[in-house]
Each structure stands twice: as C-alpha cells, then as structure tokens.
Amino acid sequence: MLEPFFEEGKVEVGLDEAGRGCLMGPVCVAAVILDPEFTESPPYPIKDSKKCSPKIRDILYEYIVNHSLAYSVQFVSEQEIDSINILQATMKGMHRCLDDIIPKVSFDTILVDGSYFTYYTDPNFDVINHHCIKSGDDKYQSIAAASILAKVSRDRYILNLVSEEPYLDAYDITNNKGYGTKKHMETLKQNGPTKYHRRSFKPCQSLLQKF
C-alpha cells in the first residue's frame, strides 16, 4: 500500500503527468486531492498507473473522479510544447491544474512526481509548500491517483484522435500512444512527421528538412 499522506493533518494535492516522452500529441497533467475521511475502499489499490492494466486503470479512474475532494486534468498541446519546451509545458499544465482546483478546495501542500517544480502561489500570492518526490507515483496515493487520471485521459484522447485521423495508425499510434516504438520510428522516417508530432523533439526535428 502506498502512503496516504506526506504530512498528516495537511490537505495535500498530488501532481503527475502522462506523455512527456512521447513524440506526438499533448502532454497531459492531472492533480488530485483524495478525501481522507472517505471510508469506502477503492476496488483495487491505487498505485502507479504503469503498474495497472488498462482495465484496472479505467475502474480506478471512475473511483478517483467520484470520490476525490477535487481533481483536475489539463492538456498542453504539441504546439505549446514546441514553443516553450516539454519541461516548461509540463509545469504550465501543473499550474493550470492547481489554478483549477484552488477556487474549489484550498490546499496546504503540493506533492509532485519528479525532481523539478516551479513554485506556486495562492490567490494572496503566498507560496504554497511543495515537495518533489522521485518515483512519487510509487510512494504516495495522491500522486498515483493523478498518474491514473493523466494516463487514462491521454490514452482516451489519443484513441479518439486516431478514430478521427485514421492515417495515424500507419504510425501504430493506437498501440504506442505516441511513444517512439520501432514501428513508429520506421513510419516517421518513411512518411515524415504529421501535424500532431512534436517538431522540437530530435527524431522529428531531424526529418523536417527532408519532408
């Protein structure tokens, strides 16, 4: 079981992302405040999304959105990623999540999966305490919950995109979700990047002149 909190007695919001390393599509960021007083156990343990099957992720997604104190899911587009770089785009998504939540539920502490975060201020411009935690989605429930919302939301976005743009399946996007698998890289080299690819990423950048 993951830790339910970093510091007992504090309202904590967990932050995580999905798709940061993909070659195409947006990065998706999620934030979750779990309800410490809710007594109904989840149908499966809340844990790192990478350690859950797609079916269990979907079930936990519904549980989290229905039983959290607050949550937010935000997408930062491939155009924004190319404009400001993936790290800053991820920070932008995290701040958007917090901006979305704070009018509904005030929080004391921000728990971030990873090693970097740009400080966040409340409406009174007071800096809210944050902790960057490597492999945080494998340590704290709120971060793991955020990882599940981000992963499920992005996967659903990608599958919907492929249904609207069937030519993307030449890149095997249904299966790889935009990550640089062998099939994705082979088609990228053969057909070039699409309008959904991140042109600032080296595998795409190197092909721009050719196509």
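**A close look at strand β4**

Author: Let's start with the pairing: β4 and β6 run parallel and are joined by 5 bridges. This is a predicted model, so residues carry the numbers they have along each chain's sequence, counted from 1, and local features need pLDDT of at least 70, side-chain atom pairs count only at pLDDT 80 or more, while totals for chains, interfaces and linings use all residues. Side-chain values use heavy atoms, with hydrogens and water left out.

Within that pairing, T109 stands opposite N129 in β6. β4 also pairs with β1, in the parallel sense, over 4 bridges; here V13 stands opposite I110 in β4. (Two strands count as paired if DSSP finds at least two bridges between them; strands are DSSP runs of E with at least two residues, helices are runs of H or I with at least four, and both are numbered from the N terminus.) As a reminder, strands of a sheet pair through backbone hydrogen bonds, either parallel or antiparallel.

How covered is β4? 5 of the 5 residues of β4 are buried, so the strand is largely enclosed by the rest of the structure. Buried here means under 20% relative accessible area, exposed means over 50%, and partly exposed is in between, using a 1.4 Å probe and protein chains only.

Zooming out, β4 belongs to an open sheet of 6 strands with mixed pairing, in the order β3-β2-β1-β4-β6-β5. The edges are β3 (68-76) and β5 (120-121), each pairing on one side only. β5 pairs with β6 (residues 127-133) in the antiparallel sense over 2 bridges, and T121 has V127 of β6 as its bridge partner.

Helix α3 (residues 86-101) packs on this sheet and touches β1 (12-18), β2 (27-34), β3, β4 (109-113) and β5, with a direction about 145 degrees from that of β3. Contact means heavy atoms within 4.5 Å, and angles run from 0 to 180 degrees between N-to-C directions, with axes fitted as lines to C-alpha atoms, for helices over the stretch in contact. α3 has 16 residues and spans 23 Å from its first C-alpha to its last, close to the 22 Å expected at 1.5 Å a residue. (That expected span is 1.5 Å times one less than the number of residues in the helix.) Among the buried residues of α3 are M91, M94, H95 and L98, and the buried residues of α3 pack against β1, β2, β3, α2 (78-84), β4 and β5.

One residue ties several of these pieces together. Y120 lies in strand β5 and is buried, with a relative accessible area of 5%. Leaving out residues up to four places away in sequence, Y120 touches H95, L98, D99, I102, F107, I110, D126, V127 and I128.

Another helix also meets the sheet. α4 lies across β1, β2, β3, β4 and β6, running at about 140 degrees to β2. α4 (residues 141-164) has 24 residues and reaches 35 Å from its first C-alpha to its last, close to the 34 Å expected at 1.5 Å a residue. It's mostly covered too, with 17 of the 24 residues of α4 buried.

α4 has a helix neighbour as well: the axes of α1 (residues 54-67) and α4 come within 9 Å and cross at roughly 115 degrees. The residues of α1 that meet α4 include L60, Y61, I64 and V65, and those on the α4 side include I148, L149 and V152. By class, this contact has 8 nonpolar, 1 polar and 6 charged residues. (Ala, Val, Leu, Ile, Met, Phe, Trp, Tyr, Cys and Pro count as nonpolar, Asp, Glu, Lys and Arg as charged, and the others, Gly among them, as polar.)

Now for the loops. S49 is in the loop between β2 and α1 and counts as buried at 6% relative accessibility. Beyond four places away in sequence, S49 touches R57, S147, I148 and K151. S135, in the loop between β6 and α4, is partly exposed at 45% relative accessibility. Most residues other than glycine have a negative phi. S135, though not a glycine, has a positive phi of about 55 degrees.
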